[in-house]
Amino acid sequence: MSKRITIDPITRIEGHLRIDVEVNGGQVSKAWSSAQMWRGIETILKGRDPQDAWSYVQRFCGVCTTVHAISSIRAVEHALNVEVPLNAQYIRNIMIAQHSVQDHIVHFYHLSALDWVDIVSALKADPKKAAAIAQSLSDWPGNSEKEFKAVQDKLKAFVEGGQLGIFASGYWGHPAMKLPPEVNLIAVAHYLKALDYQRKAAQAVAVLGGKNPHIQNLVVGGVATAINMENLATLNMERIAYLRQLMTETRDFVQKVYYPDLIAIASFYKDWFKYGAGVTNYLAVPEFAEDTKNTKFALAGGMIYNGDLATFKPITTHQDQALIQGITEGVAHAWYEGAQSLHPWEGETKPEYTDFQENGKYSWCKSPRFNGKAMQVGPPAQVMAAYATGNPKVKKLVDDAAAKLGIGLKDIHSTMGRLFARGVRAHVMADLSLDYLDKLVANIGKGDTTYANPTEIPSGEYKGVGFHEAPRGTLSHWIVIEGKKIKNYQAVVPSTWNASPRDEHGQPGPYEACLVGNPVAQPEKPLEVLRTIHSFDPCIACAVHTVDPEGKEITKVKVL
Ligand code: NFE
Ligand code: MG
């Protein structure tokens, strides 16, 4: 007998997402992903000054704020053919990398770990054994018996007082939870520590960006971070030393706590390298610009089809015409007028709400496609592109972990594979942050203190696209400028790619496809569905960029 489960909203994500699954014989046989909010910022931008767009679009989201600023400014720079000074590229790169570090720490511990870690089981742990296990994984100084005992006592007081607070309503004691009590205790202790370290990464972004979330230091043609080593300008020796300290601390947390925890937890859940593959076409764009024209990048992008690394086609520049021409967004099953697929420069955002119709329109999310194909975006795509192009660090991390866990590269096509790829990406980003600080200091040391090429918006018609490889994957902002104003603006966001509903050909989006085949042990506690969905770190605010027109708040979890 088949059972229908509706989870609405999915929590521990940004925004409102509804997931429906049909379960047959203990496995998901069909799934629907429905974004339950619409924000209309693309429409608000029409008629505004292209120089201001980056500041508006950051309001798509309070989670991946920086990324929309970067994509937007790149779109205007691409349209007007503006070069970006090296110092500005390095400063942008540091903000991009530290933002990713912050985002991935929060995803692993606060948004997904509790799908795998049984908080209440940590009460049964022996703190001494927990310390021994943690110390065998890394030399992080915080892994002491005293620390684990203190966390356990705190947790005990919460549980005995019936006040689980942030840990309330979890699926504690679920049969799919497999970690021993000591590993659960380690994870809880690090969950709490991670709150401090994600803040340090946000501070690093704010040192350069002026504030976080929502940086304030971009201009078309560079950054507004004045460089003056002698005076108290925005960027001086004291600020550089402070940045170095913060980024060293976040690097150590990622490499000595997050990454070892990830590998340890994955070793108890190897079966989850077999579930959740779904769409195995991947797309990533190059990131970390190292020249003034966005043609040279530290990490390659590319496409992979059917999960086969042999099909890898690199993308080396943001001017790649096949990439620019190949992207469309469809609305056949989305709450917009019509059923057409359009290129983003011709893109339309005309809302038409019908309620949830599983064979009709059922989501505010559009369906992005590349040459008509559904693509998965995110850390697995970027990690595979880096691996395929021989990036030594990524290769070593992936090969070492694969040997340790007894998995192969193909196992990245999975729910646990997405968590793993995020960990690899965080590891790399933590190092890149410090590398770009060194490059910035060296470049300033050569006497180059340029940080912007001042730019005026000319009259005439211009089209541009700004690509960026954000924490959740490939992001692109598309702008049409006419008479010095924005004529059209479309954002095709990582979560739009992954949360997309079926397209006009009935092809499901990645969330939908990845759920098929997932086990569901207890339909009233669909933990396994959450594991797979959380592995993408959904952001519906970004994906759809308005609250439901009636402002309806939907807070029910229905099990039918
Ligand atoms: Ni709002 Fe985002 C990222 C963007 S959405 S979190 O990363 O762009 O997928
Ligand atoms: Mg859009």
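This is a predicted model: local features need pLDDT of at least 70, side-chain atom pairs count only at pLDDT 80 or more; totals for chains, interfaces and linings use all residues.

Residues are numbered from 1 along each chain as its sequence is written, chains are lettered from A and ligands numbered from 1 in the order in which they are written, and side-chain values use heavy atoms, with hydrogens and water left out.

Which residues hold the nickel atom of ligand 1? Its protein donors are the SG atoms of Cys-61, Cys-539 and Cys-542, lying 2.3 Å from the metal. Donors here are N, O and S atoms within 2.8 Å of the metal (3.2 Å for Na, K and Ca); water is not among the atoms, so sites may look incomplete. Along the chain, the nickel donors follow the spacing C-x477-C-x2-C. Cys-61 lies in the loop between α2 (53-57) and α3 (65-80), and Cys-539 in the loop between α15 (527-534) and α16 (540-544), so this pair ties together parts 478 residues apart in sequence. Helices are DSSP runs (H or I, at least four residues), numbered from the N terminus.

Are these two cysteines buried or exposed? Cys-61 is buried at 3% relative accessibility, and Cys-539 is buried at 1%; buried means under 20% relative accessible area (1.4 Å probe, protein chains only).

Finally, the iron atom of ligand 1 has Cys-64 (SG) as its only protein donor, at 2.3 Å. Cys-64 is also found in the loop between α2 and α3. The iron and nickel atoms of ligand 1 are 3.2 Å apart.

Notes:
Helices (H or I, at least four residues) and strands (E, at least two) are DSSP runs, numbered from the N terminus. Buried means under 20% relative accessible area, exposed over 50%, partly exposed in between (1.4 Å probe, protein chains only).
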